Amino acid sequence: MSGSNGTTRVVVVGHGMVGSRFADDLHARDAERRFHVTVLGAEEYEPYNRVLLSEVVAGKLDVASLSLPRSVRERTSVLPGTTAVAIDRAEQVVVDSAGCAYPYDVVVLATGARARIPALDGLGAGDDEAALPAGVHALRTLDDAREIVAATVNARTAVVVGAGVLGLEVACGLAHRGLDVTVVHGGASLMDRQLDGDAGAVVTGELGRLGIGVRLAARTQEVLVRDGRLDGVRLEGGERLDADLLVLTAGTVPEVGLARRAGLDVARGVVVGPDLAAPADPRVFAIGDCAEPPEGGTGLIAQGWDQARRLALLLTGQRNEPADADPEAATVPAGAPLPQGGTDVVRVKAVGLDVVSMGVSGARRGGDAGHRSVRLTDPVGGRHVEVVVADGRVVGATCVGAGQVAADLVAAYTRATPAPSDPAQLLLRPVGGAPEPAASPTLMPDRTTVCRCNGVTKGEIVACWRHGADTVEDVARETRATTGCGGCKDVVCGLLDWLGTTDPDRARAREPRRAVGEVVAEVEEPAQARG
């Protein structure tokens, strides 16, 4: 896939969380300097953390804090505000809206997804966000978040359509800003993809304590507009809800128009094989929310980042990197594969609401005879905890209002640590080995994964510290820790506090800063040797 001069020209369509990650990953592994990357980004902005947009709506974060660290590389050309409109596979060029052509040897589609606009009376033409009446917003981009925040200045009542993770985060955020909020959801319970009825009922009760109204098994029929501006919504059955702000959180639709026009296979997303290549053209790949791999798309950023890493390894001809080992790996016989944990952890990042779900839970619960579950439901106390165990491992869990237990279960699930013979103990005591920033970081093995979204270990953070990274922002820039869901920020802060206390004299006498690829390689090489 190389050009005549030995350089492989890669055009990445999409400069979001996954496209920018792929460009960085590719060059971090391009020791032979074979690749030149051109990134076309439709948005005018530098890459930002889309996962945390709801926290901007809530006022917990400002827009500037969403920017993602990005390495400036001499063989990468980033063109923000450039929209790709066609792929000419015969001529091997990508064409933008201004008619400029970008030759390629490899195309990587990282076009993401757009907000799904439900077909409701009063909303105009289908998925066209530009046709929405004043006061009606989706939440998918930085501009969306800014517009919603601006709308809250004069709004008093808000309706949120959709009660998935984003819907609940937005509802809590708007309530935190003082609005009278009602959530409308067509399902029988909230977050019904992740939560069963009992867990959903506890969440409903918690929303009530926050002053948020809930309409379940209710469908929005019409958006009421007066003089071009939102006036309320009408539900099926006739109930009217007054509103001067409506936020649509009805899911997403993969951006596949470019792929479809290029004659590639498209189902819900761009169909790709295990190697992430389009079956019709081995020079075209798709990653992130726009892709539909054989295992299906999760919509979680961890999957997109894993695909970016895998594709970078594939294009550079490197073997797969070993999975992070756990402290318990010492008990695994030599040569035996390490147990693999899950990555599909879903967290609600909301003011006043704490929900974590993973693996076998909610709609994914079946009648598997090999699954053993234990649950505790306490609606009055606002708690619901359930853990599912199979073959001596945690394979699923649901936690509402139980933050410490949730942290322990996430550690057990993602690290595939052995579960106790009595699963009830998982709800009654901490799971051994969970990183606790306020305790003693010295007890955390260097290979303990601190940031699950990015696969960053304690050892990598310590290595960054020794090479000049002494703030959370520095660590994020060097390792990307804290730039995913943000759930590891307290752990990273704890590690830096510990290092500042135990190693103050070395804090200013460290080696010059180096690129993340060099620091990670320094940590990985001894680990690979041990493996």
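Here is a quick briefing on the cavities, nonpolar cores and salt bridges of this structure. It's a predicted model, so local features need pLDDT of at least 70 and side-chain atom pairs count only at pLDDT 80 or more, while totals for chains, interfaces and linings use all residues. Residues are numbered from 1 along each chain as its sequence is written, and side-chain values use heavy atoms, with hydrogens and water left out.

**Cavities**

- The structure holds 2 cavities of 30 Å³ or more; a cavity here is a set of points on a 1 Å grid over the protein atoms alone where a 1.4 Å probe fits but cannot get out.
- The largest cavity comes to about 90 Å³, with volume taken as the space filled by probe spheres set on the points, which are joined across faces, edges and corners.
- Of its 10 lining residues, Ser 20, Arg 21, Leu 68, Pro 69 and Arg 480 sit closest to the centre; lining means having an atom within 4 Å of a point.
- Helix H1 (residues 17-28) supplies the largest share of that lining, 4 residues; helices are DSSP runs of H or I with at least four residues, strands are E runs of at least two, and both are numbered from the N terminus.

**Nonpolar cores**

- The largest nonpolar core has 67 residues, and Val 10, Phe 22, Val 94, Leu 109, Ile 287 and Val 492 have the most contacts inside it.
- A core is a set of buried Ala, Val, Leu, Ile, Met, Phe, Trp, Tyr and Cys residues joined through side-chain atoms within 4.5 Å; buried means under 20% relative accessible area, exposed over 50%, and partly exposed in between (1.4 Å probe, protein chains only).
- A second, separate core has 40 residues, including Leu 139, Val 165, Leu 179 and Ala 350.

**Salt bridges**

- The count is 24 salt bridges, each a side-chain nitrogen of Lys or Arg within 4 Å of a carboxyl oxygen of Asp or Glu.
- Lys 60 pairs with Glu 55, with the closest N and O atoms 3.8 Å apart; Lys 60 is partly exposed at 44%, whereas Glu 55 is buried at 11%.
- Arg 375 and Asp 196 meet at 2.5 Å, N to O, linking strand E24 (residues 372-378) to the loop between strand E11 (180-184) and helix H5 (197-209), 179 residues apart.
- Arg 375 also bridges to Glu 386 at 3.1 Å, N to O, with Glu 386 in strand E25 (residues 383-390).
- Arg 375 is partly exposed at 35%, and Glu 386 is buried at 6%.
- Shared partners join Asp 196, Asp 198, Arg 375 and Glu 386 into one salt-bridge network.

Terms used
On a 1 Å grid over the protein atoms alone, a cavity is a set of points where a 1.4 Å probe fits but cannot get out, and a pocket is an open set with protein on both sides within 12 Å along at least five of seven lines; lining residues have an atom within 4 Å of a point.
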